[in-house]
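Biologist: Please take a close look at one part of this model, the pockets, and tell me what lines them.

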Amino acid sequence: MASLEVKDLAVRVEGKEILKGVSLKVSSGELHAIMGPNGSGKSTLAYTIAGKPGYEVVSGDILLNGESILDLDPDERALKGIFLGFQDPPPLPGVRLLSLVNAVYNKKKGLPVTGRGDPRLFKKVVQALELVSLSTEYANRELNVGFSGGEKKRMEVAQALIFEPEVIILDEPDSGLDAEGVRSIAKIIDGFRKEGRALLVITHYARLFSFVEPDVVTVLYKGRVAARGGAELARRIENEGFSFLRVN
Ligand code: ADP
Ligand code: MG
């Protein structure tokens with residue numbers, strides 16, 4: 001059983017307080033949606049959980065399986081089973097999916113990271129690429145270099161499939177995808193949930209959640225939790241947008 005808990009988290013970026021006391025919890029087998037208009041702090045929350053430098057935790061805590069991870073570096077957090085699929089994945093010239101997968105595998109096993117990985121990894125990579133509708137050649141292309149927006153998103157989800165993390169955070173996995181793409185990503189997200197992973201899925205469109213129902217929806221607004229509910233809250237946002245945040 002994995003659980004990720006964010007407790008009264010306040011975060012400063014470049015001297016500006018962006019998150020002002022956010023709390024939430026997600027456990028194995030749960031899909032927790034984080035919604036909210038642009039600039040409400042969703043990506044800041046994701047980066048802070050992943051440990052991105054420059055995201056200063058002013059107060060509060062982040063617990064993985066009950067233990068604080070605030071003192072851990074991003075790679076240590078990843079090795080403990082936290083995966084972040086970026087909203088806007090950066091191009092990584094010279095880094096290829098297959099070599100990245102080999103390096104992570106070696107690191108987990110305590111082997112030299114540049115060594116050859118397990119040959120079975122290739123099969124896993126090919127299967128993951130197929131599930132996200134990317135051709136096998138993407139195993140050896142430089143990551144995100146010249147990729148379209150949708151291809152980048154598919155590649156992030158492929159990595160979540162390959163690395164089998166206990167906690168999966170996906171930051172706008174649906175942006176830039178056509179309806180069929182959104183449907184297939186939703187199916188994969190549901191698969192992750194059935195496998196018992198803990199999921200935080202960030203999006204400002206409710207469209208994704210017409211294909212996979214979230215267990216909990218947390219709405220962020222101006223760095224605070226503005227609303228929390230079940231799947232009905234995502235449906236309300238689909239119908240009304242975020243206008244209710246401003247009137248309430
Ligand atoms: P969301 O993902 O909900 O659209 P973000 O977390 O990206 O929102 O941003 C929240 C707020 O923090 C915005 O007002 C944004 O301008 C600000 N912000 C994010 N990153 C930085 C940064 N590196 N420097 C200064 N302000 C930032
Ligand atoms: Mg964002």
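Modeller: A residue counts as lining a pocket if it has an atom within 4 Å of one of the pocket's grid points. The model is predicted. With that in mind, take the second largest pocket, which holds about 220 Å³ of space. It is lined by 18 residues, and the closest to its centre are Gly39, Ser40, Gly41, Lys42 and Thr44. Strand 2 supplies the largest share, four residues. By class, the lining of the second largest pocket has three nonpolar, eight polar and seven charged residues.

The largest pocket has a volume of about 890 Å³. Its lining has 32 residues, with Ala78, Ile82, Phe83, Leu84 and Phe86 the closest to the centre. Helix 1 is among the elements that give two or more residues here, and so are helix 3 (97–109) and helix 5 (149–163). Helix 2 gives the most, five residues. The classes in the lining of the largest pocket are 19 nonpolar, four polar and nine charged. This pocket lies between domain 1 (3–89 + 165–240) and domain 2 (94–146), because both give residues to its lining.

The magnesium ion (ligand 2) has Ser43 (OG) and Gln87 (OE1) as its protein donors, lying 2.1 Å from it. Ser43 is in helix 1 (residues 42–50) and Gln87 is in the loop between strand 6 (82–85) and strand 7 (92–96), so the pair ties together parts 44 residues apart in sequence. Ser43 counts as buried, because its relative accessibility is 18% and the cut-off is under 20%. Gln87, at 32%, counts as partly exposed.

Conventions:
Residues numbered from 1 in each chain as written. Chains lettered and ligands numbered in written order. Predicted model: local features only at pLDDT ≥ 70, side-chain atom pairs only at ≥ 80, totals over all residues. Heavy atoms only, no water. Donors = N, O, S within 2.8 Å, 3.2 Å for Na, K, Ca; no water. Buried < 20%, exposed > 50% of the residue type's maximum accessible area, 1.4 Å probe, protein only. 1 Å grid on protein atoms, 1.4 Å probe; cavity = no way out; pocket = protein on both sides within 12 Å on 5 of 7 lines; lining within 4 Å. Points joined across faces, edges and corners; volume = space filled by probe spheres on them. Nonpolar A, V, L, I, M, F, W, Y, C, P; charged D, E, K, R; others polar. Domains from an automatic or database assignment.
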